[in-house]
Amino acid sequence: MEGLGAAASVIAVVELAARVASLCLEYSSAVKNARSDIERLRKHTDSLKITIEDAQKLLQGPHGARLETSQKLREALDNTHSQLGDVATRLEAKLPTSRREKVLAYVRWRALKWPFESKDVDKIIASLQRGQDSFAAALQIDQTTGILDIHSKIVLATLPVASGAAFDSHAEEHNARCHPDTRAELLRQIREWANESQAENIFWLNGMAGTGKSTISRTVATSFAEDGLLGASFFFKRGEGDRGKAGLLFPTIASQLVRQIPALVPPLIKAIDADPDVPKKVLRDQFEKLILQPLGSIHRTRAIVVVIDALDECDGEKDVKTIISLLAQANVVRPVRLRVFITSRPELPIRLGFKDVQGRYQGLALHQIPEPVVEQDISTFLRYELARIRDEYNGQALKCFQMPLDWPGPDAIRTLAQMAIPLFIFAATVCRFVDDNGRSNPAKRLKKVLEYRMETHNSGLGNIDATYLPVLDQLTSGRTDQDRAESLAEFRGVVGPIVLLAQPLSVLSLARLLGLEPEDIHALLNSLHSVLDIPSEDNAPVRLFHLSFRDFLVDPAKRATNEFWIDEAECHKMLAERCIQVMGQHLKRDICGLKAPGKLRLEVDQQTVNAHLPPELQYACQYWVHHLKESKHNIEDNGPVHTFLTGYLLHWLEVLSLLGRLSDGVLLIKTLLHAAQPDTASNFVEFLKDAEKFIRSHGSIMERAPLQIYGSALIFSPTLSMVRKQQWNKRLSFIKTIAGIKNHWDPHQQTLEGHSSSVNAVAFSPDGKTLASASEDQTIRLWDAATGTHQQTLEGHSSSVNAVAFSPDGKTLASASEDQTIRLWDAATGTHQQTLEGHSRYVNAVAFSPDGKTLASASGDRTLRLWDAATGTHQQTLEGHSRYVNAVAFSPDGKTLASASGDQIIRLWDAATGTHQQTLEGHSSSVNAVAFSPDGKTLASASEDQTIRLWDAATGTHQQTLEGHSRSVIAVAFSPDGKTLASASGDQTIRLWDATTGTPEQTLEGHSSYVNAVAFSPDGRYLETNWGLLRINSDLDISQNQRPVNNILFVDGEWITGGGKNLLWLPPDYRALCVSVCDHTLVLGHASGQVTFFQFVSAR
């Protein structure tokens, strides 16, 4: 294949592999005595062909040239091609030629022989396997560098993982591996199981506490990792936070698998993109979508080993059985050979789990290993460790104090080994105790251990007792009864929490949690280095060497015999109380100093979180409920727990949000609900139920923006919510009042004051005290703008109400409807005054003249009508438009009326006589709005043709065409001084123009939907739009587009913003169809018919 590129070489190998496989099929039908060898070669050639085809797809793909490692595989390709060519030549040489075949076919098939011996086939397969492994490795390297693009990394980062659960994590770094001369036969069996193609996919190694299961797991994981077979590992550890959670097992394994096998990245990302919540789903969904389906989409010849240690330390017995059942299904993944190595104690839930999958796993109990083998392994370990201790001690001791070179001697080793059987933890603890970091003579400490041999036999103490009592007895040895009692109390007050913590803490954090001095804790722990992993750094956590130490201390059966016994329930109660005290001392609103109400959690760096949330506070917020539950303490109304939550619920949830653990909030509340008894805590139970609904309803925004707990979550909770009522004084300071919020959580129980259909328009009265809302439900509602209190429902229209307008004095309200009528109402009492009839189609708009004496209406019947606003008498019908009339406006002096129509024309009329004065033509599509300048000299028109036109209002002469919008222009307005024109468009922008020259001044971008209303404030400093109030930046460079960052009160999609910053998040039910702003009040009209009022402390 000299001269061929990698892609061409791959094609040649694929073709040759297919040829060899085809020849094997021919031989298999004619040769009987070598069918096994023929089938082996054929299968391997097929497997090789699949791997090479995978390479071919990538090399010929759009990124093939970037696969540098695969491009350099020329030698491996040449060797494989040569090997396959030799095989094909020998196979074809035995076949007769086609001419003789016609004559001697029968003889040929009878005489045909397979040209290879079994040993030859073995060599061929081994050689081809090496080439195949080279291709697979090269592709894996290329995929590692090429596939993990930015999107992949972002998606994979969403997988929640258990920190420290992998065998090579820092948490596992200093834990023991098997000595090279121990466990040899067991490790050989495990390796054979992993490599055997027909073996069961699960290997379950079980044994009692302390028999060395985790050490074996770490050794197995290390060995498979060195060979490139380890896919993932998960070391369960009770009391280590996330390492006990079943829900993190499969996401953690998936996260590790994609780093070892890059080909899994695309299918895993596809699964997460299809269902982003899959890491939080039930275990079956997690396993199938994160593990099973991605593995089923790749091809791999070598085994993938997953190591799961200490399954018995997984929280939740039902979860354990489910995990076993799911892992047993891994044998259905045919393209890959998944092997799962599991260790655990033989506890009942695990035994039952494996009983349900009988015949689908390979099992071994450590107690089944012959005792002489175990004794030999323990002896080997002891000899090695004690010799190390001896040499290190002698290296720093004076010669006269050094121990003999044969210490401790074969008798001592034999005695210790016999004491230990079958517990490796005994041997490990003895060595740590004897070593004691040079604090005393190892020989003396070993002698003390050996003295326990007699006590063990005489008192009936078990091996675990003999493991830990020599260590603990030194705490009380030689003390008076009073000193002994004090020492035991100190021990229980410090070691009790250490062994029962849900997650280990450092000495400093532990001291602050317990209210003790760090020096006192250090003094006690100095004697416990052989049973506790006590780091030299004050900020590193104190850990148990082995869970059996915890079991030894809290075993109820040892209460009368073990003076170091710890009352588990009482210790949990104390920890719960201390957690509540710590939270009460630290929790407050905006604990991390974010200040901006809309700041997202993703924008808060971990350094900021850690600086404001010390480890003991983080611990207390996450685990106080756990300790309360385990204490089995009775919760009562107005007790410490009830008092804490009513005072600090929102602050607690803020911390959970900052820690990324808000989803735990619902689970913790549910745990409290199960613990609280309705007969003694009925009020607290009701509060918890309400709190659960609070978190479920607002969890999305609380998780995204922690301070919205005091904003959106609190504001939009029902008015009768216990949480809302009790926590209302903790709301964000800029919120004064709000109205228009539903009363109950359950939508079927709501008794809301609001429209029953979409709100089409809202308008403030001239004094800003009253708001009118128009709805498709055929009604107008009047509201107190300050409090949001519903005042009146104005009924009478028989179809949707399209528009409302107040008279200049605010005493009269006009409404326009699709029922072809206009109605006049007393704005103070809501009394119906007049029904103005005459239009033959829907009425689009109404407007009062500046003096309030005349009302103009615009209709889909192509006409305008003028009415006496006091009597309702019809005065004029203005005809001339050939299509529907969209808008009507009076000039400032009230003498001229302008109308805009779908016929692309603006018409000017004498408002007193109705005489047509001017026809303004030029737009190429429907005209949506018209507005006069304050001096009445200029008229602006807005059209669907995406332009604004300026006209001389006296002569009708066209002056300017303002272009720039990319969609229909819906509204226009002049500033009070007449110098600036504002236009609002369906392109989601507002543009400001020089009204004299037509020059563009500013473009306000960033609206989340079309802008259909715009007006200037009386002082000209602000723009009032259908999405809120904007400040106009007169110093802005006119060449630059401007997002509405200077908004005062503004609705930008899902946020109410102020000063360019997100203030309050709007839940979906409260997103606005229309918006109105008056001074400090913001009003939203919703598709549901609701109207919501916000009164802010300061709007400007």
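**Reading the predicted model**

User: At 63% relative accessibility, Asn638 counts as exposed. In which loop is Asn638 found?

Analyst: This is a predicted model. Exposed means over 50% relative accessible area, and Asn638 comes to 63%. Asn638 is found in the loop between α26 (615-631) and α27.

User: What is the phi of Asn638?

Analyst: Most residues other than glycine have a negative phi. Asn638 has a positive phi and is not a glycine. The value for Asn638 is near 65°.

User: What is the phi of Arg862, and is Arg862 buried, partly exposed or exposed?

Analyst: Arg862 is in the loop between β18 (854-859) and β19 (864-868). Its phi is positive, about 80°, although Arg862 is not a glycine. The relative accessibility of Arg862 is 46%, so this residue counts as partly exposed.

User: How many helices and strands does the protein have?

Analyst: The protein has 1100 residues, and 54% of them are buried. Its secondary structure includes both helices and strands. The counts are 31 helices and 41 strands.

User: What share of the contacts with a separation of 6 or more joins residues 24 or more positions apart?

Analyst: Take the contacts in the protein with a separation of 6 or more. Within that group, residues 24 or more positions apart account for 61%.

User: Which residues is Phe549 in contact with, leaving aside its neighbours within four places in sequence?

Analyst: Phe549 is among the residues with the most contacts inside the largest nonpolar core. With neighbours within four places left aside, its contacts are Tyr468, Leu472, Val495, Val499, Val531, Leu532 and Leu544.

User: Arg823 is buried yet has no salt bridge, so how far away is the nearest side chain of opposite charge?

Analyst: Arg823 lies in strand β15 (residues 821-826). The nearest side chain of opposite charge belongs to Asp819, at 4.9 Å.

User: Which side chain does a polar contact join to Arg823?

Analyst: Leaving aside neighbours within four places in sequence, Arg823 is in contact with several residues, including Gly796, His797, Leu813 and Gln834. A polar contact of 3.5 Å also joins the side chain of Arg823 to that of Thr835.

User: How many residues apart are Asp227 and Arg191, which form a salt bridge?

Analyst: The closest N and O atoms of this pair are 2.8 Å apart. Asp227 is in the loop between α9 (213-226) and β2 (230-235), while Arg191 is in helix α8 (residues 184-195). The pair links distant parts of the chain, 36 residues apart.

User: What separates Glu577 and Lys573 along helix α24?

Analyst: Their side chains meet in a salt bridge of 2.8 Å, N to O. Both residues lie in helix α24 (residues 568-586), four residues apart. They are therefore separated by about one helical turn.

User: Glu692 forms a salt bridge with Arg696. Is Glu692 buried or exposed?

Analyst: The closest N and O atoms of the pair are 3.1 Å apart. Arg696 counts as exposed, at 53% relative accessibility. Glu692 has a relative accessible area of 13%, so it is buried.

User: Which residues are linked in a network of salt bridges?

Analyst: The count for the model comes to 37 salt bridges. Some link up into a network. Its members are Asp312, Arg345, Arg550, Asp551 and Glu568.

Conventions. Residues numbered from 1 in each chain as written. Predicted model: local features only at pLDDT ≥ 70, side-chain atom pairs only at ≥ 80, totals over all residues. Heavy atoms only, no water. Core = buried A, V, L, I, M, F, W, Y, C linked by side-chain atoms within 4.5 Å. Buried < 20%, exposed > 50% of the residue type's maximum accessible area, 1.4 Å probe, protein only. Contact = heavy atoms within 4.5 Å. Helix = DSSP H or I, 4+ residues; strand = E, 2+ residues; numbered from the N terminus. Lys, Arg positive; Asp, Glu negative; His and termini not counted. Salt bridge = Lys/Arg side-chain N within 4 Å of Asp/Glu carboxyl O. Polar contact = N/O pair within 3.5 Å; in protein donor to acceptor, adjacent residues only side chain to side chain.
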